[in-house]
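Hi,

Here is the structure I promised to pass on.

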Amino acid sequence: MAITITDGISPTFSSASTRASNLHFCFWNSTQRLTSVVFDRLTSRKFGIDVKLKATVNPYSYTEEVRPEERKSLTDFLVEAGDFVRSDGGDSGPPRWFSPLECGARAPGSPLLLYLPGIDGTGLGLIRQHKRLGEIFDIWCLHFPVKDRTPARDLVKLIEKTVRSEHYRFPNRPIYIVGESIGASLALNVAASNPDIDLVLILANPVTRFNNFMLQPLLGLLEILPDEVPSLITENFGFNQASPLAEMFETMLNETDAAQMGRKLLGDFFATSSNLPTLIRIFPKDTLLWKLQLLKSASASVNSQMDTINAQTLILLSGRDQWLMNKEDIEGLRGALPRCEVRELKNNGQFLFLEDGVDLVTIIKRAYYYRRGKSLDYISDYILPTPFEFKEYEESQRLLTAVTSPVFLSTLNNGAVVRSLAGIPSEGPVLYVGNHMLLGMELHAIALHFLKERNILLRGLAHPLMFTKKSGSKLPDMQLYDLFRIIGAVPVSGMNFYKLLRSKAHVALYPGGVREALHRKGEEYKLFWPEHSEFVRIASKFGAKIIPYGAVGEDDLCEMVLDYNDQMKIPFLKNLIEEITQDSVNLRNDEEGELGKQDLHVPGIVPKIPGRFYVYFGKPIETEGREKELNNKEKAHEVYLEVKSEVERCMNYLKTKRETDPYRNILPRSLYYLSHGFSSQIPTFDLRNH
C-alpha cells in the first residue's frame with residue numbers, strides 16, 4: 001500500500017509498490033474514521049460468560065505444548081519503520097494519526113485506544129501488540145515525522161482535539177491513552193487539561209523529572225557530533241559487524257559514558273549492526289536532540305499541573321535499563337495521582353512493548369483495567385483467559401498441585417459419587433457454596449480443575465482488598481492478586497452476585513469469608529457462617545442450582561504456630577493488624593461476636609510433610625420453580641441450613657475416607673509417579689463403599 005498525504009492529515013490511497021507492501025496502516029484525521037476495511041472479529045466468547053462456549057474441543061485441556069500467539073518481532077518493527085519513513089510523506093509533514101490495518105475492524109462497543117509514541121516517534125511501538133489489542137480496542141497511533149518540530153504544547157492540543165471529539169461522540173465510553181517516555185508525558189498533560197473526561201492512562205516508564213546528571217552529557221555529545229557522520233557511515237563506508245568502523249563504533253560506546261547512555265536509550269536496537277541505517281534514518285542527530293528537549297519540556301509541564309489529574313492510571317515500570325528516571329520519581333507520581341497502580345516488569349528494559357514476554361492485553365486483564373463504560377462491570381467487561389494465559393496460570397500452581405495431588409469428587413443425579421466433575425451441571429446458573437481452608441488454599445485448585453476438565457469458568461466472589469487499595473496503605477500490592485483476577489474473581493457484593501446469576505454464570509460463594517480463611521488454632525474445618533443469608537432467595541430468582549461442597553487437606557500441609565490471638569499480644573503486630581484492617585472493607589459490620597471479626601493478618605505457619613487435598617461436591621439443590629416458596633424468609637432459611645449441613649457432611653465424609661487413602665502421603669504418590677509417569681492420575685480411596 002502506498003500512501004499519499006494530500007493535506008498533511010487526510011489520506012488518499014493509491015496502488016502499492018512492492019517495497020511498501022509491508023505497510024499496514026492508514027492515516028486519518030481526528031473526525032474521520034476508516035470504514036472501508038472490514039476484518040474478521042474476535043468471537044464473542046472472549047468478551048465474557050454471557051455467551052456459552054460452543055467449541056467441541058476444550059481449549060484449556062491441551063495435550064500439546066501451548067505457545068503464545070505469534071507476534072511480530074523487533075526486526076519487523078525495524079523493517080516497517082524503515083518503510084514508514086521512506087514512504088511518501090513519512091519523514092515530513094505534521095503529526096497525524098494512523099490505524100494499523102492488522103488490528104482489523106473494531107468490535108461493537110470497543111473503547112478507543114490512542115497510542116502516543118516514545119523517543120522513536122514512528123507510532124509503531126505497539127507493533128507486537130496490535131493483533132491482540134485490536135480484538136478489544138479501536139486503535140489509533142500518533143506518528144511524529146522525522147523532520148517535524150512541533151512543540152510539546154501544540155502536540156498536547158492536537159491530542160486534546162481528538163480526545164474531546166471522540167468524547168463528544170461517545171460520552172459513555174472511556175478513552176485509553178498508552179504512552180511511552182515522551183508519549184507518557186504528553187498523556188499526563190492531556191489528562192491534566194481534561195479532568196472531566198473519562199481517561200485511562202497506561203504509561204510505560206513515564207518521565208516526570210529529568211535526571212540532568214545523565215541527560216546533559218548526552219546532549220553535549222550529540223551537539224558536538226558532526227551532522228555528516230550518519231550519512232558517511234551508511235552511504236560511503238557501509239556498516240557490518242566485521243568492519244573496522246563497527247569495531248570503532250563499539251569501542252566508542254564502551255568507553256564513553258555519555259555515549260553509553262545513548263546506547264541504553266536505544267536499547268537492543270544496537271545489538272544488530274545491520275539495523276544502523278534504519279536507526280540513523282529514524283534518529284538523525286538533530287531529531288534526537290529535539291526529542292530529548294521535547295521530553296524535557298513535556299515532563300516539566302506535567303509537574304506544574306499534577307494536582308489536576310484525575311485519570312485512572314496504570315504505570316508499567318521496567319526493572320532494568322532505567323537512566324532517565326528512578327523509582328523515587330515513580331513513587332512520587334503514584335502518590336500524586338488519586339487512582340494509580342504501579343506494576344514492575346523486573347526482567348524487561350526500556351522498550352517494554354517491543355520485548356519478549358510483555359503482552360499488554362494480559363497486563364490490562366490482570367489489572368482489571370479493561371472496561372467499556374463509565375465504570376468497570378466485573379461481569380460483562382471480563383475477558384476469558386487465552387489457552388496460553390491459562391497455561392501460565394497452571395504453571396504458577398504446578399508446585400502446589402504436585403505437592404497436594406488434589407482429588408475431586410462430584411455427585412451424579414442418581415446420587416452416585418464419582419471421581420471427576422461429571423456431576424457438575426454444564427448449564428448455569430450454578431451456585432457453589434463451600435468452606436474456606438486456611439488462606440483460601442482451595443481456590444486456585446478448584447478454578448483450575450473446572451476449566452481444564454469441564455471448560456467451565458468459576459467466578460469466585462472474593463474480598464474487595466484484591467481489587468482496590470488506598471494510596472499509602474500497607475495492604476499488599478494488587479499485583480499479588482493477578483492470578484485470582486485473570487481467572488475471573490469478582491469483588492463480593494450483592495449487585496455482583498445478582499448480575500453473575502443473571503448472566504447464567506457458575507459462581508463460588510464462601511459465607512465464612514475472612515473469618516473462616518484466617519481462622520485460629522484448632523479451628524480447621526469449622527464454619528463461621530452468619531445466622532442468616534440472602535443467597536438462597538437470590539438464587540431462586542434465577543432458578544440457580546445450589547451445590548454444597550467441602551474441602552479438606554490444610555491440616556496435612558501446614559501447622560499454625562502464630563494465629564490472630566497470638567499476634568494481638570505483640571504490640572507492633574497488633575498495630576499493623578489494626579492499620580491494614582482499617583484500610584480495608586469490613587463486610588460484616590452488622591455481625592457481632594466472632595463472626596464480626598474480619599481483622600486482616602497473615603497467620604504464622606510451618607510446613608508439614610505434605611498430605612493431600614480433597615474436594616467433594618454434593619448433590620445439587622434445585623431452586624427452579626421455587627421462587628415464590630423461597631421468597632419466604634423462613635423457607636429460605638431452611639434451605640440455607642440444609643446447605644450448611646451438607647457442606648459439613650461433605651467435609652466429614654472426606655476426613656473419614658482419606659484415612660483409607662493409600663496415597664494420602666507424598667512418598668507413596670512420588671513412587672506412583674515414578675512407576676506410572678508424572679501425567680498419570682494417582683488413585684485414592686475406594687468410592688464403592690460410599
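To start with one side chain: is R485 buried or exposed? R485 is buried, because its relative accessible area is 1% (buried means under 20%, exposed over 50%, and partly exposed in between, using a 1.4 Å probe and protein chains only).

Before the rest, some ground rules. This is a predicted model, in which local features need pLDDT of at least 70 and side-chain atom pairs count only at pLDDT 80 or more, while totals for chains, interfaces and linings use all residues. Residues are numbered from 1 along each chain as its sequence is written, and side-chain values use heavy atoms, with hydrogens and water left out.

**Salt bridges**

The count comes to 26 salt bridges (a side-chain nitrogen of Lys or Arg within 4 Å of a carboxyl oxygen of Asp or Glu). R485 makes one of them with E341, at 3.6 Å from N to O. R485 sits in helix α16 and E341 in strand β10, so this pair ties together parts that are 144 residues apart in sequence. (Helices are DSSP runs of H or I with at least four residues, strands are runs of E with at least two, and both are numbered from the N terminus.) E341 counts as buried too, at 13% relative accessibility.

D359 is in the loop between β10 (340-345) and α12, and R132 is in helix α2 (residues 130-133), so the pair links parts that are 227 residues apart in sequence. R132 is buried, with a relative accessible area of 9%.

For a local example, take E160 and R164, whose closest N and O atoms are 3.8 Å apart in their salt bridge. Both lie in helix α3 (residues 152-169), 4 residues apart, or about one turn of the helix. E160 is buried at 9%, whereas R164 counts as partly exposed at 43%.

**Cavities and pockets**

On a 1 Å grid over the protein atoms alone, a cavity is a set of points where a 1.4 Å probe fits but cannot get out; a pocket is an open set with protein on both sides within 12 Å along at least five of seven lines, and lining residues have an atom within 4 Å of a point.

The whole structure has 9 cavities of 30 Å³ or more.

Of its 26 lining residues, E394, T401, K452, Y673 and S679 lie nearest the centre. Helix α15 gives the most to this lining, with 5 residues.

**Two more spots**

L674 belongs to helix α24 (residues 666-676) and is exposed, with a relative accessible area of 63%. Finally, E622 is in the loop between β20 (614-617) and α22 (627-630). The C-alpha atoms of E622 and G543 are separated by 7.4 Å, although the two are 79 residues apart along the chain.

Cheers

Terms used:
Grid points are joined across faces, edges and corners, and a volume is the space filled by probe spheres set on the points.
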